[in-house]
Amino acid sequence: MMNSPTGNPCVDDLAREPARTTRSAWLAVGSIAVGTFAMVSTEFMPIGLLTDIARGLNVSDGTAGLMITMPGVLAAFAGPGLIVASGRLDRRTVLIALTTLLIASNLLAAFAPNFATMLIARLMLGLCVGGFWTFAPAAATQLVPEASKARAMSLVLAGVSAATVLGVPAGSFLGTLFGWRASFAVTGALAAAVLLVQLWLLPAIPPLRAIGARDLLTPLTRRMAQVGLLAVLFFIAGHFAAYTYLKPLLQQVFGLAPHSVSMLLLVYGAVGFIGTFLGGSLVARSVRGTTLLAALMLATALLLSTVIGSGIVAGAVVVFIWGVAFGLIPVALTGWMMEAVPDAPEAGQALLVSGFQVAIASGALIGGVTVDNYGISSAMVLSGALVLVAALIVGTLGRARGGAALATSSRSSSFSPE
């Protein structure tokens with residue numbers, strides 16, 4: 001028999017146990033991250049397959065657009081509703097149930113005989129979207145030591161960027177080769193694999209406490225949460241008023257050919273993926289600083305797009321800055337709410353989800369009206385102005401002033417407000 005390093009096998013087993021526990025915890029966080037990847041891929045899958053699905057289910061392209069709108073609307077209500085309904089339920093059970101619902105949504109979409117069935121599948125997805133955004137970040141941070149919470153959160157949110165880079169294009173590619181139904185079937189299979197891993201690795205994740213309907217008002221009574229939600233409305237509305245028209249911007253303003261546009265969209269997603277992990281490190285040092293950096297970078301990219309000129313180099317500069325800012329955004333804003341409401345993080349995330357969805361819908365509407373009436377460059381200026389308002393809110397109202405909530409935050413959170 002081999003000699004143990006210390007000469008005491010019992011001591012050696014105890015020394016190895018933390019390493020095994022840490023490895024299992026990070027694998028569990030990884031399973032939540034891959035689940036987020038599958039969820040976001042499913043959410044935006046119809047964007048690349050919209051005309052194919054419309055043709056296959058005998059509806060117009062405009063009607064088919066409801067596959068994108070309806071899940072977002074439901075998600076805005078699902079986050080707060082699910083957090084109250086879940087009560088003291090183990091978050092392991094909640095996450096497994098959401099992953100199971102994601103599988104069912106994809107399979108129902110894959111075999112949908114008509115558009116009404118497809119909409120039911122997409123409404124099921126809306127529950128998943130609201131639920132994942134509400135529960136996943138807080139659950140992931142409970143699985144790791146205090147010093148690693150920001151990194152765990154950024155890993156989960158990296159699923160968003162990864163889905164942008166790989167998930168949506170891969171779904172479109174599969175749809176081209178094997179039909180749009182195959183794309184949903186493959187994403188459903190990925191979600192099934194995630195479910196098996198979560199059943200194996202996810203430990204019990206008890207909630208800090210049960211959240212009641214009245215508790216959802218808690219973030220609205222905390223100054224820093226109020227500031228964060230106000231900033232989200234301007235920040236995300238400004239982003240999506242412009243992001244919706246990123247492809248036309250590259251084509252019409254920068255004068256790029258289709259293959260160059262495709263390349264820069266891939267670059268956008270790739271640097272966003274990098275920005276998400278960078279955001280995890282930055283948020284651990286300063287939530288406010290990271291949020292302000294993301295806002296200023298995004299405003300710079302939007303306004304720069306109107307004056308930098310045309311061509312691949314100009315387009316690449318704008319896309320690079322915009323992509324990094326895109327990666328920082330979800331980490332910074334999620335970290336902000338976790339810092340602002342450390343005693344009820346899930347309630348904070350639920351309201352953040354609602355704020356995001358309202359801002360996305362508002363931004364897309366504002367951007368569409370502006371583009372139709374004044375052109376893409378005007379939409380970029382308006383979007384940049386909205387994001388600058390968010391930066392002003394963060395830079396002035398977002399300064400910590402030592403209130404009771406913030407004192408609790410500094411004791412309970414690994415994030416720093418300054």
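These legends describe views of a predicted model of one protein chain. Residues are numbered from 1 along each chain as its sequence is written, and side-chain values use heavy atoms, without hydrogens or water. In this predicted model, local features need pLDDT of at least 70, side-chain atom pairs count only at pLDDT 80 or more, and totals for chains, interfaces and linings use all residues.

**View 1. The whole chain.** The protein chain has 16 helices and zero strands. Helices (H or I, at least four residues) and strands (E, at least two) are DSSP runs, numbered from the N terminus. Of its 418 residues, 52% count as buried (under 20% relative accessible area, 1.4 Å probe, protein chains only). Contacts are heavy atoms within 4.5 Å. Among those with a separation of 6 or more, 84% join residues 24 or more positions apart.

**View 2. Confidence along the chain.** The mean pLDDT (the predictor's confidence in each residue, from 0 to 100) is 80 for the protein chain. At least 70 is reached by 85% of the residues. Residues 1-20 have pLDDT below 50, with seven contacts beyond near neighbours in sequence. Residues 401-418 stay under 50, with 41 contacts beyond four places in sequence. Where pLDDT is low, the predicted coordinates should not be read in detail.

**View 3. Helices H4 and H16.** Helix H4 (residues 91-110) has the highest mean pLDDT among the elements, 93. Helix H16 (residues 404-412) has the lowest, 37.

**View 4. Arginine 91 and its contacts.** Arginine 91 lies in helix H4. It counts as buried because its relative accessibility is 0%. Beyond four places in sequence, arginine 91 touches Ile83, Ser86, Phe135, Ile205, Pro207 and Glu346.

Technical notes:
Buried means under 20% relative accessible area, exposed over 50%, partly exposed in between (1.4 Å probe, protein chains only).
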